[in-house]
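Dear colleague,

Please find the structure below, together with its sequence. A summary of the findings follows it.

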Amino acid sequence: MNREFLRRGSSRPVLLKDLTDGWPAMKRWTFDHFAKTYGSERIIVTDFLGSKNLHKVSFAHYLDYVRAPSADFLPGQRAETPWYSPYWSPFVDHPELSADFDVSETVENWMPDASCIDAPEGSSEALFAHWTLRGFSWLFIGPEGTFTPRHLDTLNTHAWNTQIRGRKRFDLWAPGTPLEDETPDIQVVLEPGETLIIPMGWAHAVVALEASISLTGNFFNRTNSAAFFHTIYSQPDVWQAKARLVPALKAQLVP
């Protein structure tokens, strides 16, 4: 995957049709399952990814809204688009979810996987794993019409995006495309079971065409490691914001 498709300067997004074959997530991860198993959790919802209009709600209440959107979901609050949950990163608190999928045969990822959270507490391996799992892996959940505006992924990472439920449309712009050019270079409708690999530098916007559950992860490897570490040094505010998601790392940051 990385040598053939992610070479710097010649990379293009790749659509994978069968990566999810055999994944328990494809059968198990339904709105009903999440409501029954994790419904008591509190999650953040927003009107679109990147908005400052943020609210905490119970997961079960939100999933009721996803299945049957209602204007009174958050009384007195207004949203530009349907309420969206793009910040649920459950893989440290619920490691059983990591056992339901595996991209390792296709995606070479130099970030630690979920097994590393069992490293000795306070070790660099454990801290790096917590930072990675909380800051670079998410489940995106929302009704039809939820939206992520055009953006570049964080810290010069590549990304993989797998559709579990529903369909999403991805509009993608090649590296260097001016912001005023609104016509995407590539447009893809991602169906359940399909995975889209987005190389670093490809801007993208996403809209849910149906009620949707999506799984995504950012990663680096030999094809973008230099660019990744360059941004670690040049954009300390970005990686520190992710570090604050891990209490043991947050305590070590200078206020």
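**Aromatic pairs and core**

At 4% relative accessibility, Phe 73 counts as buried (under 20% relative accessible area with a 1.4 Å probe, protein chains only; exposed is over 50%, partly exposed in between). The model is predicted: local features need pLDDT of at least 70 and side-chain atom pairs pLDDT 80 or more, whereas totals for chains, interfaces and linings use all residues. Residues are numbered from 1 along each chain as its sequence is written, and side-chain values use heavy atoms, without hydrogens and water.

The count of aromatic pairs comes to 20 (ring centres of Phe, Tyr and Trp, the last by its six-membered ring, within 6.5 Å; planes under 30 degrees apart are stacked, over 60 edge-to-face, the rest tilted). The rings of Trp 23 and Phe 101 are tilted, because their planes stand at 55°, with centres 5.8 Å apart. Trp 23 is buried at 7%, and Phe 101 is buried at 16%. Tyr 65, itself buried at 7% relative accessibility, forms a stacked pair with Phe 73, with centres 4.5 Å apart and planes at 25°.

Yours sincerely
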